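Take a look at the sequence and the structure below. The report then goes through strands and charged pairs.

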Amino acid sequence: SIFEATWALDGQYEWFVAAAGLGTPKPDASVEFIVTVDGEECLNSGVFRPGTPVIPVVVDLTGAKELKLAVTDAGDGLTNDYAWWGEARLVKK
């Protein structure tokens, strides 16, 4: 992973919500977004390249203990890779 962050949730959140997108038009940019909840992959965006539309991310966190967000270089190196999780938030019950 290029980026990886983990949060302890202690079962107090119902949703993780964001908009995932590529932040550059450079032709050699590529990233992949991965969301893991309690060790189980819940979302894998596939490879984003310039022109890939922003995707809504809505992940059920009911009873979850841990949330992990990751962004990879899509297997081709870091050149011009710029990803963002727009308006990312945890929604409480």
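Val 35 stands opposite Leu 69 in S6. Strand S3 (residues 31-37) and strand S6 (residues 66-72) run antiparallel, and six bridges join them. Strands are DSSP runs (E, at least two residues), numbered from the N terminus. Two strands pair if DSSP finds at least two bridges between them.

This is a predicted model: local features need pLDDT of at least 70, side-chain atom pairs count only at pLDDT 80 or more, and totals for chains, interfaces and linings use all residues. Residues are numbered from 1 along each chain as its sequence is written, and side-chain values use heavy atoms, with hydrogens and water left out.

## The sheet

S3 and S6 belong to an open sheet of four strands. The order is S1-S6-S3-S4, and the pairing is antiparallel. Strand S1 (3-8) and strand S4 (40-48) are the edge strands, each pairing on one side only.

## Salt bridges

How many salt bridges does the structure hold? The structure holds two. Each is a side-chain nitrogen of Lys or Arg within 4 Å of a carboxyl oxygen of Asp or Glu.

Lys 68 forms one with Glu 4; their closest N and O atoms are 4.0 Å apart. Lys 68 lies in strand S6 and Glu 4 in strand S1, so the pair ties together parts 64 residues apart in sequence. Asp 76 forms a salt bridge with Arg 49, with the closest N and O atoms 3.7 Å apart. Asp 76 sits in the loop between S6 and strand S7 (83-92), Arg 49 in the loop between S4 and strand S5 (55-60).
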